[in-house]
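Here is a briefing on one protein structure. Keep the sequence and the 3D view open as you read.

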Amino acid sequence: MTYPDEYEAKVGFNRMREKISGLCLSQQGREKAAAISFCTDPGIINEKLSQTAEFQKILELEQEFPLDHYYDLRQGLKKMKVAGSCPEISDVFDLKRSLVTLRNIHNFFSHEEYAESYPELHRLSRGIKVYPYVLESINRIMSKEGTIKDNASPELSGIRSDLKKAGALVSKRMQAILKQAQNDGIVEKGTTVAIRNGRGVIPVNVYDKNKIKGLVHDQSASGKTVYIEPSEIVNFNNQILELEYAEKREIIKILIDFADRIRPYIDDLLGSYDILGDIDLVRAKALLGHRLGSVKPVLNNNPLIKWSEAVHPILFIAFEDIPGREVVPLDIELDEKARILVISGPNAGGKSVCLTTVGLLQYMLQCGLTVPVKQGSEFGIFSNIFINIGDEQSIENDLSTYSSHLMNMKYFLRNADEKTLILIDEFGTGTEPVLGGAIAESILGDLNRKKVYGIITTHYTNLKHFASAEEGIVNGAMMFDNHRMEPLFRLDIGEPGSSFAFEIARRIGLPEPILEIASKKAGEEHINFDKHLKDVLRDKRYWDRKRQSIRIESKKLEDLVDSYEKEISELKSERKEIIKRAREEAEAILAEANRTVEKTIKEIREAQAEKERTKELRRQIEKLKEGIKHSTEGEDRKIAAKKEKLREKQKKVRIPVDEERKKTFSKTGDKKLAGPLKAGDKVVMEGSERVGEVIATEKNKISIAFGNMITTVDYSKVRRASEKEISSSRIKPSSSADLNWDVTRRRAEFRPDRDVRGLRAEEALNTIREFIDEAIMVQYPTVRILHGKGDGILRQVIREYLSTVDLVKDYYDEHIEAGGSGITIVELDI
């Protein structure tokens with residue numbers, strides 16, 4: 001229950017009820033709005049909240065919901081329940097249109113999509129019963145314009161046919177009499193037939209009224225004109241009048257018959273119109289909720305308040321059309337550990353608004369209205385809500401303001417329990433401060449022992465101290481900007497607030513001597529306490545701004561990280577695609593280059609190294625290299641390094657000259673014969689059984705062709721092929737599998753460390769190239785390069801090279817204990 005009886009007026013719910021009533025389309029909706037009441041049943045509250053929230057969704061999605069013809073036909077239907085009763089034609093017409101609305105509403109929520117989206121409204125609409133027979137019965141006797149059809153009965157059809165004939169005859173005869181009167185000069189030209197008392201009459205000058213025989217039905221205001229019904233027309237008009245009476249009697253008979261036929265369905269129709277009123281009310285509540293930005297919060301069956309960004313509805317509406325004015329949202333939490341909140345702060349700082357916001361929103365929720373809070377806020381259910389606010393002095397009951405407050409406190413103490421929410425404004429005021437504060441402290445202690453929940457506003461210091469020391473009670477302050485001397489209307493829970501009495505008085509302009517005297521009278525202890533409170537609030541506001549700034553920056557950082565992660569993911573995908581294209585292009589370039597080189601070597605042999613022919617072939621090789629170079633222009637930088645490496649290999653291919661003789665082998669034996677190697681010699685590389693052909697020699701390097709693949713290695717890594725191996729290679733056809741080395745064997749023999757200390761930069765770079773290529777070939781993910789520290793030149797050259805290799809994922813210094821900057825760790829993306 002709520003206390004006192006004027007609770008709705010005190011928190012402002014009466015104004016919310018008026019707005020809801022004004023948004024209803026029907027009388028039954030307005031009656032239901034007037035009957036909205038405080039509810040403590042969680043199931044009913046949840047049902048009504050869900051209905052309102054679902055209709056708000058309909059409004060937000062701008063779906064076409066039936067909104068026409070919300071008529072109140074309860075009285076007409078109840079009248080038709082009486083046997084022999086005759087409904088009004090207008091009631092039957094309204095019944096027809098409103099039944100169509102009910103049918104459309106039922107069909108709307110019966111649609112499969114909407115039934116799933118709006119389950120509570122679908123459940124409500126299932127009670128609507130619109131019988132096709134009733135609509136058919138109405139359509140059989142009533143036209144679209146709301147009149148009884150001519151063919152509603154054979155008798156009515158005959159009567160209306162006779163009426164038309166008689167009317168046509170009277171009209172024709174009246175026109176003839178009028179024309180004759182005009183010809184005789186009795187009536188002026190241009191005069192037309194008029195209607196008086198439902199009969200056709202001729203306007204005649206009062207002085208000529210005896211010239212036309214008939215009945216005088218009327219006279220003009222000036223008395224100069226009389227309206228005469230000619231005698232020969234009287235009988236015809238009497239016949240028409242009798243036919244009209246007969247028509248009315250037949251229509252009554254038709255309507256009574258209609259009422260008799262639909263009487264068995266009236267109770268169900270009354271139930272449907274009651275649901276129409278419910279839907280009208282839900283729609284009105286949803287319109288208000290949509291305007292306020294209300295939501296259905298999280299419901300908790302136990303007493304609880306955990307609200308974020310709660311807004312006072314009446315203030316929100318009041319500020320809607322005022323530029324620059326907006327309601328400061330309220331964050332508040334009451335739970336078992338802190339059930340009662342004691343709010344202090346300056347006058348006009350928002351304490352009472354905070355209290356009424358809690359009282360109004362909690363009441364709205366338990367009346368089935370959505371509330372203007374942030375999504376995710378949690379509302380508990382209270383069995384009782386008591387409020388003490390405003391001046392309740394009564395001359396009739398001989399009660400002062402303070403006496404009325406004490407009467408309310410007496411009621412609170414007797415009836416409050418652990419499921420009660422109490423709201424007390426300006427607790428303890430109205431009497432001598434020390435005594436009033438003591439009584440207020442005692443009452444607060446007793447209420448706390450009863451484990452009630454509540455919001456209490458006060459200026460009393462003893463209550464602030466009591467709240468700080470007592471379990472279950474917590475202080476709160478309405479924030480105040482003491483630099484600009486204006487309230488911030490923001491609640492801060494955890495510390496008491498200062499009343500800023502001296503600051504406000506100083507701003508208003510009270511003389512400084514008076515304030516100094518007042519300060520002395522208040523006492524240094526009290527002044528210091530108030531000063532400390534102000535300092536705490538100032539610091540609190542400062543750190544709140546800092547936290548808010550940090551939250552904003554943190555959010556920006558999170559967004560930036562998300563953006564970078566997305567870009568990194570896209571780059572990785574792009575990188576894989578680039579590497580894939582680079583490999584494909586490299587294979588194509590290498591295959592083309594090998595074919596050209598093989599063809600060139602063959603032609604040189606056939607031409608026996610003729611100088612002019614050799615020069616021509618050299619030019620073709622250079623042209624090929626230029627073509628390869630131009631084909632790479634415009635490609636992604638990430639694959640440029642790959643192509644450059646291939647071009648470097650191409651440059652190592654040299655056309656052999658008979659005069660050049662290269663270094664001989666230092667080892668001899670059956671398979672490693674002493675003597676120089678020249679182009680065309682058959683050789684075998686260590687770690688492979690495949691016979692290759694020498695195509696070029698240069699210093700300590702030799703280029704060997706294995707079918708379509710060309711490689712350049714040290715002399716020390718090859719041996720001259722035996723006749724048996726050469727013969728075997730001729731018998732066995734080459735294949736792509738034969739061109740591969742024994743990768744398993746090479747991986748087993750591969751050493752992931754390479755020492756290049758003491759080598760010149762060029763020699764070290766060649767060694768590292770081969771080392772990295774071999775690591776990639778055997779799929780070794782991490783290798784170490786020992787280059788020493790020295791001046792750091794060797795380290796810089798090697799790292800510049802590593803930065804151009806696509807498959808190098810990362811490189812960095814070894815751990816300080818294991819060599820530090822003298823060793824580079826290389827991670828490969830394989």
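Arg-196 and Asp-218 join their side chains in a salt bridge, at 3.0 Å from N to O. A salt bridge here is a side-chain nitrogen of Lys or Arg within 4 Å of a carboxyl oxygen of Asp or Glu. The model is predicted: local features need pLDDT of at least 70, side-chain atom pairs count only at pLDDT 80 or more, and totals for chains, interfaces and linings use all residues. Residues are numbered from 1 along each chain as its sequence is written, and side-chain values use heavy atoms, with hydrogens and water left out.

**Salt bridges**

- Helices (H or I, at least four residues) and strands (E, at least two) are DSSP runs, numbered from the N terminus.
- Arg-196 counts as partly exposed, at 24% relative accessibility. Asp-218 is also partly exposed, at 31%. The cut-offs are these: buried means under 20% relative accessible area, exposed means over 50%, and partly exposed is in between (1.4 Å probe, protein chains only).
- How many salt bridges does a search of the whole structure find? The search finds 29.
- Glu-31 forms one with Arg-74, and their closest N and O atoms are 3.0 Å apart. This pair links distant parts of the chain: Glu-31 is in helix H3, Arg-74 is in helix H5 (residues 74–80), and 43 residues separate them.
- Glu-31 is partly exposed, at 36% relative accessibility. Arg-74 is partly exposed too, with a relative accessible area of 22%.
- Arg-160 pairs with Asp-150 in a salt bridge, where the closest N and O atoms are 2.6 Å apart. Arg-160 lies in helix H10 and Asp-150 in the loop between helix H9 (132–141) and H10, so the pair ties together parts that are 10 residues apart in sequence.
- Arg-160 counts as buried, at 14% relative accessibility. Asp-150 counts as partly exposed, at 34%.
- Asp-150, Arg-160, Lys-164 and Glu-247 belong to one network, joined by salt bridges that share partners.

**A buried lysine**

- Lys-96 sits in helix H6 (residues 89–110).
- Is Lys-96 buried or exposed? Lys-96 is buried, yet has no salt bridge.
- For charge, Lys and Arg count as positive and Asp and Glu as negative, while His and the chain ends are not counted.
- Lys-96 touches Leu-135, Ile-138, Asn-139, Met-142, Ser-143 and Lys-144, leaving out residues up to four places away in sequence. Contact means heavy atoms within 4.5 Å.

**Aromatic pairs**

- The structure has 21 aromatic pairs. Rings of Phe, Tyr and Trp (its six-membered ring) pair if their centres lie within 6.5 Å; planes under 30 degrees apart count as stacked, over 60 as edge-to-face and the rest as tilted.
- Tyr-7 and Tyr-363 form a tilted pair, 5.2 Å centre to centre with 40 degrees between the planes. Tyr-7 is in helix H1 (residues 7–11) and Tyr-363 in helix H14 (residues 351–366), so this pair links distant parts of the chain, 356 residues apart.
- Tyr-7 is buried, with a relative accessible area of 1%. Tyr-363 is buried as well, at 4%.
- Phe-38 and Tyr-363 form a stacked pair, 5.5 Å centre to centre with 10 degrees between the planes. Phe-38 lies in the loop between helix H3 (27–34) and helix H4 (42–60) and Tyr-363 in helix H14, so the pair ties together parts that are 325 residues apart in sequence.
- Phe-38 is buried, like Tyr-363.
- Phe-55, Phe-65, Phe-108, Phe-109, Tyr-114 and Tyr-118 make up one aromatic cluster.

**A glycine in helix H10**

- Gly-167 lies in helix H10 (residues 154–183). Gly-167 counts as partly exposed, at 28% relative accessibility.
- Gly-167 and Ile-240 are 73 residues apart in sequence, and 7.1 Å apart in space from C-alpha to C-alpha.
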